[in-house]
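This report starts from the overall dimensions of a protein model and then turns to one of its sheets. Please keep the sequence and the coordinates at hand while reading.

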Amino acid sequence: MLNEHLRAKTDEKANPASVKIVGKLRISVLTPRLIRVEKGAYTDSATQAVWYRNFPPVPYNISEKNGQVIVSTDEGAFAVNRESGDLIYAVRDGVEIPYDPDDNRLGTARTLDKSNGSVKLEKGLISKSGVSEMRDDTLILGEDGMVHSREDCSDRYYFNSASERTVLRDYYAITGFPPLPPRYALGNWWSRYWKYSANEYLELLRRFKKENVPFWFTIVDMDWHWVNVLFKYGYWWWKDKPYQLDVVSLFMPGWTGFSWNTKLFPDPKAFLNEVHSMGYHISLNLHPADGVRYYEDRYRDVCEAVGQDPSEKRAVKFDITSEKFINAYFDRLLHPLEEEGVESWWIDWQQGKKSKLKGYDPLWACNHYHTLDSKKNGKRPLILSRYAGIGSHRYPIGFSGDTYVTWKALDYQPFFTANATNAGYPAWSHDLGGHMHGEQKDDELYLRWIQFGVMSPVFRLHSQCFAVSKEPWNHKSVEEIAKNWMRFRHRLVPYIYTAMAETTKNGIALIEPLYYRTDEPEGEKYPNEYYFGSELLVAPITSPSVNGVSKLNIWLPKGKWTDIFTGEVLNGGIHTVERGLKSIPVFLREGGILPLQDDVEDQSNPNSLTVWTAQGNGEYVLFEDDNETNSFLDGVEHFTRFTSHTENGEYSFVKHSGEGEASLVPESRRYTVRLPFDGEVSAYIGSKPVDFAKSDLTVTVENVRDEEELLITVKRL
């Protein structure tokens with residue numbers, strides 16, 4: 001039997017009051033905006049995609065007319081063909097909206113591997129009309145935790161809402177909400193495909209410290225394990241043909257490995273301990289497709305677990321349809337490595353979609369079981385892997401693959417990242433700087449990629465062994481600028497973490513296309529711009545400058561927008577802006593409030609915050625918790641609310657009394673507020689004036705207790 005913690009907790013059967021059979025169709029009314037229509041073999045089981053169907057009953061009515069089944073709720077109606085179950089139209093606000101299957105916006109793709117620009121994207125969940133379809137042709141996820149075949153059926157979900165966020169919320173309700181990554185995963189990641197020795201790797205991490213280049217997460221690529229197995233063991237493909245023979249296993253039989261290369265890492269546990277002592281978290285790369293071969297350290301243990309004779313030296317096949325193998329894979333292979341100090345895994349599956357069970361993708365299986373296993377000790381799940389279709393948002397974090405080092409590849413990534421939200425996939429990470437080929441010595445390209453990466457869900461540097469490595473000092477002309485941007489990424493973590501908590505709780509993604517928040521037609525015409533959390537709009541620079549100056553046309557929605565780097569205030573509309581190498585256009589909304597931590601190495605809830613503000617009226621709520629467990633879902637969390645108000649030449653900023661679990665945050669903090677304009681400043685704790693330090697537009701107040709209210713006002717002179 002599959003280990004209990006590898007069996008997902010699902011709630012599959014819809015409330016009987018919400019289900020009705022009409023002819024050959026079974027219709028489930030899940031929310032006022034979402035119905036399920038089945039034809040063929042009905043199922044109440046969870047599937048790989050959909051785990052939850054049991055919701056409170058929704059008032060509805062079903063009628064028939066002219067061969068159509070009309071499903072009406074308080075928020076609209078759906079008309080489906082009585083025979084086929086196809087959606088014909090929906091009704092919203094009294095208006096009949098024809099269903100157009102070509103109306104769905106683009107979503108995302110499995111990978112950007114070997115791309116030099118655009119790739120073919122799957123359709124997303126979001127449509128321009130607000131009427132869309134999601135087909136679930138995935139397999140059954142049984143109560144035993146295993147995936148099983150499925151009888152022929154048509155299983156479709158129909159959405160009807162003018163709000164993209166509402167569609168995503170309904171989608172997450174049936175599939176599961178994206179998990180919140182541990183806080184450290186939102187800092188900078190270091191990775192490189194390179195044959196490091198333990199000493200070389202540790203020296204690199206020490207240099208990062210010395211150069212004040214912050215990282216919280218680090219990956220050792222595949223050379224942590226034995227790779228040259230042909231020369232070390234005389235192992236070649238014909239000696240034990242892998243279950244899935246492909247080009248990789250044919251020409252690189254050492255691509256798969258589970259045993260430390262003790263020539264490079266003579267004392268793995270000491271190496272891992274040293275990495276942790278420097279404050280880094282660490283992950284290792286896995287290509288598990290070729291299974292467990294006779295030369296692996298734990299080959300005999302795995303053979304014992306699956307019932308195979310180790311004396312025969314046959315590979316234990318990577319068989320995701322076998323309960324025994326899945327248990328052994330984690331218990332006998334990976335958990336001992338985790339006990340040494342490995343914290344997570346980069347599942348670098350590149351070996352296709354086939355397995356013994358028709359339609360069962362091993363990539364999905366790796367993502368699914370690795371994510372469940374990573375939660376076994378009460379921690380939040382964390383893996384790095386490719387996208388494997390609808391439902392993949394449950395398996396953080398996305399690895400988009402090996403792109404070319406070109407401006408064309410960079411230019412595609414903002415669009416690609418924002419569009420993934422249409423597929424409910426909010427956390428892509430990219431090989432920042434590009435992975436291979438192309439313009440390896442273009443410092444400006446490297447810098448612009450870093451700047452985009454800072455304003456993206458996950459900042460992860462990576463490159464192949466033949467590429468120019470991504471350390472800032474390998475790009476001398478932009479070295480200091482790149483370092484400053486990487487420090488700024490860590491300052492942004494409180495803001496990004498709050499936004500990702502909002503995704504987990506309410507389904508609002510960190511990155512949203514412009515059309516999510518505006519009906520203005522220009523929201524469709526600037527696909528590389530995007531919202532970054534509740535307060536910011538980003539227009540990354542993705543083409544080379546002329547003499548160090550980049551000129552680009554941007555569009556801003558209605559309102560006033562403050563460039564956080566230049567201080568320039570622009571009204572909504574089309575603008576031509578110019579930027580040097582040091583910055584890209586990043587705008588704070590009218591009344592916006594942006595919290596930044598001051599210590600770029602602090603992985604805990606910080607003692608000192610700087611808050612950037614924009615003129616106008618606004619509110620922002622900073623979320624904090626223990627940073628690594630799901631206790632926040634049970635209410636063990638803390639909120640700090642900030643508000644601002646502008647009237648008659650006076651701006652006021654308030655840090656309100658903290659709410660929630662006070663033990664999660666420091667008893668007191670230093671607050672530095674960057675004001676939207678200069679003038680006569682006052683500061684109060686409650687109604688009592690307090691001392692403050694002022695420098696240009698910043699005001700600093702020390703030792704503000706969590707339960708206290710801080711008021712800062714400025715009157716324009």
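The sections below describe a predicted model, beginning with the whole chain and ending with a single pair of strands.

## Overall dimensions

The protein has 717 residues, and because the rule for a compact globule of that length gives a radius of gyration near 27 Å, the value of 27 Å found for the model agrees with it. Along the principal axes, the C-alpha trace extends over about 85 × 75 × 50 Å.

The secondary structure consists of twelve helices and 41 strands.

## Burial, surface and contacts

Of the 717 residues, 62% count as buried, while the accessible surface of the protein amounts to about 27,700 Å², with 48% of that area belonging to carbon and sulfur atoms.

## An open sheet of five strands

Five strands, in the order β5-β6-β7-β8-β9, form an open sheet in which the pairing is antiparallel. The edges are taken by β5 (60–65) and β9 (95–98), each of which has a single partner strand, so one side of each is left without a neighbour in the sheet. From one strand to the next, the twist averages 20°.

## The pairing of β5 with β6

How many bridges join β5 to β6? There are six, and the two strands, of which β6 covers residues 68–73, run antiparallel. At the level of individual residues, E64 has V69 in β6 as its bridge partner.

How values were computed:
Residues are numbered from 1 along each chain as its sequence is written. This is a predicted model: local features need pLDDT of at least 70, side-chain atom pairs count only at pLDDT 80 or more; totals for chains, interfaces and linings use all residues. Side-chain values use heavy atoms; hydrogens and water are left out. Two strands pair if DSSP finds at least two bridges between them. Helices (H or I, at least four residues) and strands (E, at least two) are DSSP runs, numbered from the N terminus. Axes are lines fitted to C-alpha atoms, for helices over the stretch in contact, and angles run from 0 to 180 degrees between N-to-C directions. The radius of gyration is taken over C-alpha atoms; the globule rule is 2.2 Å times the number of residues to the power 0.38. Buried means under 20% relative accessible area, exposed over 50%, partly exposed in between (1.4 Å probe, protein chains only). Accessible areas come from the Shrake-Rupley method with a 1.4 Å probe; for residues, only the protein chains shown count as cover.
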